[in-house]
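Please keep the sequence and the model in view while reading.

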2 protein chains.
Amino acid sequence: MFEGVVQELIDELGRLPGVGPKSAQRIAFYLLQSEDDQAKKLAQVLLEVKDRVKFCEICGNVTEDPTCSICRDARRNQTLICVVEESKDVQAIERTREFRGLYHVLGGAISPIDGVGPDQLRIKELMTRLSNPEIQEVIIATDPNLEGEATATYLTRMLSTLGVTVSRLASGLPVGGDLEYADEVTLGRAFAGRTRSN
Amino acid sequence: MFEGVVQELIDELGRLPGVGPKSAQRIAFYLLQSEDDQAKKLAQVLLEVKDRVKFCEICGNVTEDPTCSICRDARRNQTLICVVEESKDVQAIERTREFRGLYHVLGGAISPIDGVGPDQLRIKELMTRLSNPEIQEVIIATDPNLEGEATATYLTRMLSTLGVTVSRLASGLPVGGDLEYADEVTLGRAFAGRTRSN
């Protein structure tokens with residue numbers, strides 16, 4: 001144990017996800033020995049982020065304005081909504097440049113173990129948005145894991161009553177991957193979802 | 001890329017050692033979604049640490065006072081000085097409870113590639129401490145890597161003129177390890193440093 005505030009810093013850093021006690025110590029000493037600016041800059045950004053960052057009133061994406069830049073962009077296809085778990089999923093999809101519609105950020109996935117049920121997610125807000133008859137398709141892009149699949153199944157059932165097309169992202173082999181190393185579930189999905197090429 | 005201050009936070013976190021772009025994003029969103037207190041607490045500790053933490057005037061260990069608790073402790077053996085690279089090495093040795101002497105923190109190791117020569121380390125301060133005739137032994141406990149070994153060799157040469165005993169930590173097999181998996185250098189050292197057991 002270190003003395004006083006050094007140990008406090010190590011403890012606070014150690015509470016961050018993916019930062020173990022050894023990494024926390026390493027980061028703390030790095031900051032101690034760095035130029036004065038770096039620790040101060042980080043502290044300042046941490047304080048600002050909580051004050052300035054809000055969640056878009058429409059889609060739930062992070063933004064510094066009442067609505068996010070995607071929801072404000074009239075050139076986006078207003079008939080498509082892609083449902084994702086987190087804001088970082090929006091960024092991942094934006095990087096592909098494949099999708100030009102709107103998003104809806106749930107704020108997580110259904111996970112009874114973590115105490116997250118449908119009521120903790122922004123599902124009610126999604127239903128409200130879908131009362132707009134302009135919307136034709138909802139693409140469910142939750143993570144391909146247990147919680148994501150449960151959430152997708154729940155949403156599909158909820159949305160099937162609304163007369164809107166509901167679709168899911170394709171499962172299959174990752175591009176650049178090696179068939180030999182694919183797990184059996186992925187490989188099974190790749191077979192089930194095979195597309196005709198002639 | 002995210003908007004504004006969120007991206008700034010991700011960038012600042014990504015500058016920390018061992019934190020890549022993905023981890024930085026994960027930590028940023030964790031902090032965004034956490035209780036208000038956690039990001040504020042971290043910010044506050046970051047600001048405090050730079051103001052309050054000093055380096056012990058005697059040994060160079062981190063402390064919030066002019067001298068550290070080890071240097072102030074009169075019950076420690078004042079005739080032994082253990083030389084280490086960093087403050088975290090002091091903590092590692094303290095945890096063993098094997099050593100009850102004093103420390104001297106160099107602040108790094110000789111590394112020409114990183115532009116660290118003997119003048120950048122607290123070697124002059126060590127020589128000053130050794131003018132005290134009470135000190136009988138200097139134990140060099142630098143890291144067992146290239147830079148640490150170079151530093152140890154340099155120090156051994158410097159100290160050999162002073163009539164003080166200079167020793168090095170033993171090299172050998174790690175306890176709990178498997179002989180079969182030891183690298184050849186370590187195994188070679190373990191042979192060279194074998195101790196008689198009858």
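In this predicted model, the side chains of Glu12(A) and Lys41(B) form a salt bridge with an N to O distance of 3.8 Å. That pair belongs to the contact between chain A and chain B, where four salt bridges are found across the interface.

**Interface of chain A and chain B**

- On the side of chain A that touches chain B, the elements that each give two or more residues are helix 1 (4–14), helix 2 (21–33), helix 3 (36–52), strand 2 (62–63) and helix 5 (87–96) of chain A.
- Helix 3 of chain A provides the largest share of that side, with 14 residues.
- By residue type, the side of chain A that touches chain B is made up of 24 nonpolar, 10 polar and 17 charged residues.
- Counting both partners, 51 residues of chain A and 52 residues of chain B take part in the contact, and the two chains bury about 5,200 Å² between them, with 65% of that area on carbon and sulfur atoms.
- Between chain A and chain B there are also seven residue pairs in polar contact, counted where both residues have pLDDT 80 or more.

**Aromatic pairs**

- Over all chains, a search of the whole structure gives two aromatic pairs.
- In chain A, the ring centres of Phe99(A) and Tyr103(A) lie 5.3 Å apart with their planes at 65 degrees, and because an angle over 60 degrees counts as edge-to-face, the pair is assigned to that class.
- In chain B, Phe99(B) and Tyr103(B) likewise form an edge-to-face pair, with 5.3 Å from centre to centre and 65 degrees between the planes.
- Phe99(A) and Tyr103(A) are both buried, and Phe99(B) and Tyr103(B) are buried as well.

**Helix 5 of chain A**

- The buried residues of helix 5 of chain A are Ser87(A), Asp89(A), Val90(A), Gln91(A) and Ile93(A).
- Within chain A, these buried residues pack against strand 2, helix 4 (69–72), strand 3 (80–84) and strand 4 (102–105), and they also pack against helix 2 (21–33) of chain B.
- Just after helix 5 of chain A comes Arg97(A), which takes a positive phi of about 60 degrees.

- Thr151(B) sits in helix 7 of chain B, and it counts as buried because its relative accessible area is 0%, under the 20% limit.
- Apart from neighbours within four places in sequence, Thr151(B) is in contact with Leu106(B), Ala109(B), Ile110(B), Leu121(B) and Thr142(B).
- The C-alpha atoms of Thr151(B) and Leu106(B) are 9.7 Å apart in space, while the two residues are 45 residues apart in sequence.
- Val164(B) is placed in the loop between helix 7 (146–159) and strand 6 (165–168) of chain B, and since its relative accessibility is 14%, which is under 20%, Val164(B) also counts as buried.
- Apart from neighbours within four places in sequence, the contacts of Val164(B) are with Ile135(B), Gln136(B), Glu137(B), Val138(B) and Leu159(B).
- From Val164(B) to Gly18(B) the C-alpha to C-alpha distance is 40 Å, and the two residues are 146 residues apart in sequence.

Conventions: Residues are numbered from 1 along each chain as its sequence is written. Chains are lettered from A and ligands numbered from 1 in the order in which they are written. This is a predicted model: local features need pLDDT of at least 70, side-chain atom pairs count only at pLDDT 80 or more; totals for chains, interfaces and linings use all residues. Side-chain values use heavy atoms; hydrogens and water are left out. Contact means heavy atoms within 4.5 Å. Buried area is the accessible area (1.4 Å probe) that two parts lose on being put together, summed over both. A polar contact is a pair of N or O atoms within 3.5 Å; within protein, one must be able to donate a hydrogen and the other to accept it, and residues adjacent in sequence count only if both atoms are side-chain atoms. Helices (H or I, at least four residues) and strands (E, at least two) are DSSP runs, numbered from the N terminus. Ala, Val, Leu, Ile, Met, Phe, Trp, Tyr, Cys and Pro count as nonpolar, Asp, Glu, Lys and Arg as charged, and the others, Gly among them, as polar. Rings of Phe, Tyr and Trp (its six-membered ring) pair if their centres lie within 6.5 Å; planes under 30 degrees apart count as stacked, over 60 as edge-to-face and the rest as tilted. Buried means under 20% relative accessible area, exposed over 50%, partly exposed in between (1.4 Å probe, protein chains only).
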